[in-house]
Amino acid sequence: MVQNFDKIILFLKYFLTISVVVTLNFAIPRVMPGDPILNLFGEEAYLYEGILMELKREFGLDKPLHEQYLLYLLNLFSCNLGFSFSFQRPVSEVVAEYMLRTLILTIPSTILGIILGIYLALLIVWKGGERAMVIMILIYSIPAYWLGMVFLYIFSFKFGLFPLGGAVNSVIYINRLILPFLTIVIHIIVLNAIMGRAILAGTLRDSFVLTAISKGLKNSLILRRHVLKPSLAPIIALASIEFGFAFSGSTLVEIVFSYPGIGMLTWEAIKTRDYPILQAIFFIIALVVIIANAIADLISRAIDPRLRS
Amino acid sequence: MKVHIVIIFSFIFLAIFAETIADFIPHKKGEVFSPPSSSHLLGTNDVGDDVLKELIIAMRVSVFVSIFSAILSSTLGLFIGIFSGYFRGLISRFFESVTEIFLVIPTLPLTIVFSFHLTPSIFNIVLLISIFSWPPMARVVRAKVLQLKNSVFVQSAILFGASSLWIITRHIVPNLLEIFLARFSMLIAYSLILESSLSFLGLSNPDAKSWGAMLHFALKRGALINDAFWCFIPPGLCIAFFASIFVLLSLEIEKRYLERFQSEN
């Protein structure tokens with residue numbers, strides 16, 4: 001009973017968060033200074049009188065606010081996020097296409113980054129590397145997009161190892177993935193090493209680790225069974241949250257490499273002042289982050305019985 | 001710790017007198033993207049301006065935006081944290097939920113959406129960053145206040161009939177100092193990175209370039225293709241250095257606090 005109650009609270013929390021995001025999306029273009037029609041549909045809207053009229057009707061802009069909100073929700077549930085004038089296509093189509101490419105980039109890099117980062121954290125915790133931590137923090141403070149620029153300059157421009165941009169066929173595509181992938185992986189490794197160290201160091205102080213050491217167990221066994229295993233729940237929680245960060249953080253890295261993902265789309269949308277796209281991006285990123293958080297909560301509850309009681 | 005503070009204050013000193021210091025560098029337009037030389041120590045950028053001069057002036061924007069937004073957001077977080085930690089009731093629950101919700105919503109896309117509509121000015125950027133970066137502070141403060149409220153000295157003060165205001169100002173706030181400072185220092189680094197990300201996207205005031213804006217122009221105007229590494233290496237290093245100092249300071253404060261806490265108990 002108590003367990004179920006807990007789950008309901010959790011569900012409510014994420015439900016509330018999503019509704020806040022949805023409401024923010026509804027409210028921002030209507031409350032912010034400027035012409036709400038321009039805010040809603042982007043700057044090019046007035047060039048297309050016909051589509052504009054249809055959109056106005058679709059979103060019920062002549063109706064009172066609460067009806068607009070209902071219409072907005074209905075549109076949202078049928079995946080109608082508006083029309084992008086700069087792409088001349090529905091927003092949901094454009095965003096879905098770009099998001100797929102971002103996921104191709106972020107999912108593998110997050111997984112690899114987490115595994116390597118936690119391994120590094122274990123090493124640092126076991127060997128007690130104060131200096132290593134300072135180096136980690138220095139690397140962590142480097143903006144990922146700047147690191148990307150440096151990589152692009154050195155590897156693509158100076159040594160010509162990777163293309164600067166250009167046509168997208170499969171070989172070049174893989175080639176273009178490598179540098180942004182590397183940039184994001186480095187960032188996530190460092191983040192995990194820092195955060196993971198804090199978690200692991202906490203476990204290391206527990207008395208069962210001392211017992212394991214005094215039993216004369218092998219180091220690798222102590223680390224694996226007595227340090228890593230009890231810390232797994234917070235680490236996985238952290239990992240899912242990081243996925244959200246990687247997803248929103250990779251936006252800036254993509255721009256540097258002109259990798260056509262969500263980030264590049266953000267850049268384009270800002271340049272062409274295409275607000276519907278920007279709004280949809282915010283909505284999608286927020287959704288991904290929220291879902292990642294919810295999964296983190298569920299997984300850490302499932303694998304750690306201490307959290308359930 | 002002393003080293004951190006000395007470096008931070010020299011940064012702030014530099015930022016305050018940025019204009020004066022930059023005046024020592026003669027203002028003359030050079031060739032576009034000319035490499036570092038004796039007349040332009042860090043070379044010139046896409047319009048022939050001296051990069052070093054630009055870097056010093058940009059420091060003023062970056063440093064002040066990050067420090068001011070950290071001051072605003074940490075104050076906001078402190079008040080909300082104390083309130084939702086100390087008092088029980090509907091309003092307190094409300095603040096608690098708002099904190100929880102805004103902890104999950106990613107800040108960067110949210111600020112992008114907002115700043116898209118606002119006129120790009122330093123004031124608006126500071127406002128946006130501080131409105132959206134208080135939740136971590138509020139959560140940490142709230143957790144500590146909850147813990148303090150159950151401590152013997154606060155409970156006995158309540159039994160003695162002390163008013164809530166007295167307890168908060170005399171017993172709660174002094175004990176929050178270290179946690180607050182650690183988080184505050186982290187927030188400065190965080191605001192700096194958020195600000196540079198926004199400016200990197202071209203959402204800041206182009207007349208008040210920050211380090212992030214320098215990177216924006218370097219990428220947009222083809223510093224990479226023109227082999228002008230002096231245009232984008234220095235601002236990035238400055239961001240990394242400035243941010244890491246504050247992160248390190250924050251960890252140092254936290255470590256000292258933990259050590260003291262452990263020796264007391």
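## Interface between the chains

In this predicted model, 39 residues of chain A are in contact with 34 residues of chain B. On chain B, the side that touches chain A draws at least two residues from each of helix 4 (90–104), helix 5 (107–117), helix 9, helix 10 and helix 11. Helix 11 of chain B gives the most, with 9 residues. Sorted by class, the side of chain B that touches chain A has 26 nonpolar residues, 7 polar and 1 charged.

## Helix 10 of chain B

The buried residues are Trp211(B), Gly212(B), Ala213(B), Met214(B), Leu215(B), His216(B), Phe217(B), Ala218(B) and Leu219(B).

Just after helix 10 of chain B comes Gly222(B), with a positive phi of about 75°.

## A positive phi in chain A

Ser258(A) also has a positive phi, near 40°, and is a residue other than glycine. Ser258(A) sits in the loop that runs between helix 10 and helix 11 (262–271) of chain A. With 17 other C-beta atoms within 10 Å, Ser258(A) is partly exposed; a residue counts as buried at 20 or more such atoms and as exposed at 12 or fewer.

Key. Residues numbered from 1 in each chain as written. Chains lettered and ligands numbered in written order. Predicted model: local features only at pLDDT ≥ 70, side-chain atom pairs only at ≥ 80, totals over all residues. Helix = DSSP H or I, 4+ residues; strand = E, 2+ residues; numbered from the N terminus. Contact = placed C-beta atoms within 7 Å. Nonpolar A, V, L, I, M, F, W, Y, C, P; charged D, E, K, R; others polar.
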